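This briefing goes through selected features of one structure, grouped by topic. Please keep the sequence and the model open while reading.

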Amino acid sequence: MTLTLAQLSLACPDQLWLEFSESQQKTAWPATQDYSYEAALHRAFLNRLTLAVLSPEFSAASETSVQLASSENLWEFVTGFALNLGKSRLVIIPSETIDTDEFSVPQEWVDIPALAADYYLAVQVNLEDGWLRVWGFSTHRKLKTEGRYDGGDRTYSLDVEDLFENLNTLWVSQQLCPAEKAEIQPLPTLSHNQVERFIGDLGKPSLYSPRLKMSFAHWGALLAADDFREQLYNRRIGKESAMQKVVNLTQSIYSNLWLFLDELVEVHGVNLLAARGGSRTEENEGDRPSQARGRMIDLGIQLVRHPVALIVYLSPESNNKWNILLQLRPSGGQTYLPPDVQMIVLDDAGEVFLEARSRQADNWIQLEFSGEPGERFSVKVALGDASLVEDFVI
Amino acid sequence: MTDRMTEIIIARFSTYYQVNPHPRPVQDYRLRQHLIRLLQQHPELHDETVLLRYFCNQAAKSNSDLLALNYLLAYVDIACYLAAKSTYDAFQTPELTLADYLQIARAYMANRAVELCTKFDRTQSKIETYLSPPLRDAIMSEVRKNEPTQRQSDWGLLRSTSKKGLKTALQNFAIGEPKLSRCFLTWQGFLEVYAPVKAGKNQRLPEPTAEQWEAIAQFCTEQQFPQSIQPFTVPEVKALLQICVKALRASTHIQFHPLDTENPELQLEIATQFEQEAWYGEQDTAKGDRLQQMTTELASAIVSLSRDFPDARKMLILEHGFTGFNQSYIGKEFGIKQYKISRQLTSYKKYLLTSLVKWSQTQVNVTFNVKDVDRLSTLLDEWLTWYCQNAILYKFLETTLKLHPALKLEVTLLCRYYGCERVDERAIAQNLNIKPTELQRKLVQVKTILQTQLHNWLHQNLALKPCSLSAIDKSSALLVEQFLANAPYALLTLERR
């Protein structure tokens with residue numbers, strides 16, 4: 001026999017039990033293309049359903065308005081969502097497990113300051129029989145100080161007997177008691193190069209969340225920033241913005257040929273300091289971040305002692321346009337480019353669009369132009385008879 | 001420490017419940033005798049908290065110290081019984097008896113008693129309150145495992161278990177390291193990758209696809225520690241998950257033997273009325289004082305609540321005054337579904353809790369935290385039961401006993417019968433110059449009158465419908481019995497003179 005909701009709620013009358021319909025379940029399914037793998041799609045469904053069923057109840061019970069306070073793109077990576085309820089922030093963790101002997105909360109909701117909440121609610125969802133229940137809650141402090149941390153799946157867990165069961169305790173506490181948050185260690189600031197590298201690595205398709213693929217400090221810092229998380233999410237679901245597409249440029253940009261600027265400096269001795277008083281990324285601090293990659297170009301015997309680096313900087317402009325700055329710089333600790341090195345921008349018909357040539361004692365040469373998404377161009381680097389062409393699409 | 005207090009402690013650590021032929025507390029003779037000797041040798045253990053810690057330490061120190069574990073199991077048995085009773089009453093499953101429910105609760109405690117008793121803080125709550133959530137959930141999970149659902153498939157079973165549940169199952173299945181960690185990691189990978197996308201109701205979940213198997217293996221390879229070990233292969237993760245499934249299936253078979261069947265040579269004796277009543281009496285006196293202090297504030301809160309919600313008082317009395325008259329019955333009385341009754345009661349209690357917290361904060365002039373509020377929430381439930389039973393229903397029954405012409409003559413009989421420690425019907429009847437059968441007839445008559453009067457009161461004051469009066473019959477009979485067992489006979493006798 002199957003226990004009905006009425007039977008179950010009689011056994012735990014102090015808990016909140018809620019029924020949901022088939023149509024509510026249908027409505028809760030997100031579009032397939034919104035998540036990159038099936039488990040994330042199901043996770044999003046479970047969270048959306050829980051949100052839809054709980055919100056009106058919480059609003060009535062707490063006598064305050066309830067607002068979703070976390071992004072839906074988080075479900076690509078981790079379960080749970082946040083609600084703002086008056087002055088309090090709640091994180092809801094839905095789960096389909098039958099055993100409710102422990103409540104596990106992903107570390108992201110506890111140790112990322114922007115995601116952490118005052119209260120954490122454990123919700124059991126039974127999709128087959130169409131009900132859910134809130135079976136306990138904890139404060140941030142309790143979870144952080146009394147919870148068991150499991151480095152294997154990066155969760156904090158509390159046993160059922162250590163949770164508060166009665167939701168009235170929550171409603172009254174959030175009105176009459178100060179918030180109980182433990183101290184949260186600040187997360188590191190990521191450099192743009194790190195962000196690009198992480199997004200490049202974690203953005204590759206996989207059938208599971210990339211949340212455990214790097215240290216929590218780096219992962220947390222990446223996930224905490226809306227921009228970075230959005231970029232990573234878009235990369236994974238294949239819905240990249242124009243800027244990300246232009247960073248992609250060609251498949252080859254993510255091959256070993258295309259490097260971050262710090263790698264160009266460290267490995268190939270590319271001299272960036274000689275230019276404009278610093279690197280492009282530093283100049284852009286505070287603006288929307290530009291992205292930069294570079295590759296070494298060796299034109300054989302012509303440049304045997306002086307290989308050069310082609311660097312592409314990309315940054316957004318207004319009106320759906322993107323600024324593209326191309327630079328050719330010396331490497332191997334050299335201060336100057338060899339003379340007569342050409343850098344030519346060709347349009348999609350192969351016609352010369354822009355051109356520059358190095359002279360005696362040039363630190364670098366550069367070309368700058370704007371483009372719209374979808375436009376194609378090529379960059380040709382040449383010295384004498386030797387040349388190399390790279391194709392790009394904005 | 002008084003002998004009486006010692007008896008209470010001994011009873012707490014050596015009494016468990018038998019449900020057949022009818023539920024009753026029973027003392028384990030061996031546990032009792034051994035505890036008496038232990039307390040004689042160690043006077044410092046004459047304290048419930050100290051003794052509890054002692055048994056926890058003993059049981060934790062040595063897994064083979066079954067005696068210490070048995071004391072802990074006896075200590076928590078009241079919680080097992082109450083959780084079994086409440087879930088059994090709620091579920092009414094025809095294929096499972098109350099004894100089965102108790103068995104499930106005990107099986108759960110057999111694994112967790114040491115850990116839970118170690119964490120238990122007597123100053124915060126009663127053991128049955130503290131253990132109620134995990135026990136109810138354990139019973140509920142166990143009963144639901146028999147449901148014909150997706151969980152019957154291996155993949156459904158793996159998805160429905162918790163981390164802790166799997167770990168316990170694997171350990172009980174004698175899986176040791178390093179295999180245990182590899183099983184665990186594979187299960188984690190399975191959860192990360194597998195999604196039961198839109199499986200129909202009661203359909204068995206399908207096996208992961210070849211692509212998913214590859215992804216699970218890849219996940220395990222990435223996450224294993226140290227990473228230099230050989231990569232996981234698909235056949236390997238399949239095999240490891242099968243071990244998990246077998247362990248989980250094995251863990252659903254409860255293997256627990258009650259204390260008496262474990263020790264067939266033991267003599268059992270029914271716990272004396274004295275011990276039980278003494279313990280509850282102790283509890284009642286301390287609790288009564290504490291609850292009395294809250295009454296002025298909360299009683300006036302109920303009055304103001306009833307101004308906005310006229311049904312509030314009636315609903316609270318029915319919920320807290322009558323054991324066994326559950327929210328389904330209350331729903332029928334009000335013509336609404338049980339879940340709506342639950343919401344309304346919750347909102348009434350929220351109002352009362354807010355009043356109580358505000359009042360308490362002014363009393364101690366301290367800002368409360370969530371734990372304080374939660375403790376007050378538990379206390380509020382206790383107060384509501386005390387208030388509805390003692391201050392309202394018992395008070396009415398006491399007045400009826402004093403004023404009803406047919407009852408006031410029987411106060412002496414009741415005093416003799418209920419006021420003594422051990423009931424000897426023949427001696428009481430002889431003392432009253434009546435036959436034992438006459439004594440029984442009079443007792444039945446008293447109970448019937450009291451119950452009838454109570455029903456009249458419920459009808460007149462709470463406007464209880466006839467169908468509800470019929471449904472409440474069993475609960476009101478129990479209430480009358482409890483009242484008679486605890487009525488203030490000394491005062492009644494004095495007033496009669």
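I472(B) counts as buried because it has 24 C-beta neighbours inside 10 Å, where 20 or more are needed. The model is a predicted one.

- I472(B) lies in the loop that runs between α23 (466-471) and α24 (473-486) of chain B.
- T323(B) is 149 residues away from I472(B) along the chain, yet their C-alpha atoms are separated by 9.4 Å.

**Chain B overall**

- Chain B contains 25 helices and three strands.
- Its length is 497 residues, of which 36% count as buried.
- Taking the contacts in chain B between residues at least 6 apart in sequence, 69% join residues at least 24 apart.

**Helix α22 of chain B**

- Helix α22(B) covers residues 436-461, which is 26 residues.
- From first C-alpha to last, α22(B) reaches 37 Å, close to the 38 Å expected at 1.5 Å a residue.
- Buried residues in α22(B) are L439(B), V446(B), L450(B), L454(B) and L458(B).
- An α-helix has 3.6 residues a turn, so residues three or four places apart point the same way.
- The cover over the buried residues of α22(B) includes α18 (370-403), α19 (405-408), α20 (411-419) and α21 (425-431) of chain B. It also includes α23 and α24 of chain B, the two helices on either side of the loop that holds I472(B).

**Helices α9 and α10 of chain B**

- The axes of α9(B) (residues 163-172) and α10(B) (residues 179-193) come within 11 Å and cross at roughly 145°.
- This crossing of α9(B) and α10(B) is right-handed.
- On the α9(B) side the residues in contact are L166(B), K167(B) and L170(B). They meet L180(B), C183(B), F184(B) and W187(B) in α10(B).
- By class, the residues of this contact between α9(B) and α10(B) are six nonpolar, no polar and one charged.
- P178(B) sits in the loop between α9 and α10 of chain B, and the peptide bond from E177(B) to P178(B) is cis, with omega near 5°.

**Positive phi values in chain B**

- Most residues other than glycine have a negative phi, and most peptide bonds are trans.
- N365(B) has a phi near 55°, a positive value in a residue other than glycine. It is found in the loop between α17 (338-364) and α18 of chain B.
- N365(B) counts as exposed because it has 6 C-beta neighbours inside 10 Å, and the cut-off for exposed is 12 or fewer.
- A463(B) also has a positive phi, near 55°. It comes just after α22(B), in the loop between α22 and α23 of chain B.
- With 10 other C-beta atoms within 10 Å, A463(B) is exposed.

**Strand β11 of chain A and its partners**

- Six of the seven residues of β11(A) (residues 291-297) are buried, so this strand is largely enclosed by the rest of the structure.
- β11(A) pairs in the antiparallel sense with β10(A) (residues 258-259) over two bridges. In this pairing, L259(A) has G294(A) as its bridge partner.
- β11(A) also pairs in the antiparallel sense with β12(A) (residues 308-316), over seven bridges. Here M296(A) stands opposite A309(A).

**The open sheet β5-β9-β8 of chain A**

- Three strands of chain A form an open sheet in the order β5-β9-β8, with antiparallel pairing.
- The edge strands are β5 (102-106) and β8 (148-150), each of which pairs on one side only.
- Neighbouring strands of this sheet are turned by 30° against each other on average, direction ignored.
- β5(A) and β9(A) (residues 155-159) are joined by five bridges and run antiparallel. E102(A) has D159(A) in β9(A) as its bridge partner.

**Contact of the two chains**

- Chain B gives 63 residues to the contact and chain A gives 48 residues.
- On the side of chain B that touches chain A, the residues divide into 22 nonpolar, 23 polar and 18 charged.

Terms used. Residues numbered from 1 in each chain as written. Chains lettered and ligands numbered in written order. Predicted model: local features only at pLDDT ≥ 70, side-chain atom pairs only at ≥ 80, totals over all residues. Axes fitted to C-alpha atoms, helices over the stretch in contact; angles between N-to-C directions. Helix = DSSP H or I, 4+ residues; strand = E, 2+ residues; numbered from the N terminus. Left-handed = near helix turned anticlockwise from the far one by under 90°. Contact = placed C-beta atoms within 7 Å. Nonpolar A, V, L, I, M, F, W, Y, C, P; charged D, E, K, R; others polar. Pairing = 2+ DSSP bridges. Expected span 1.5 Å × (residues − 1).
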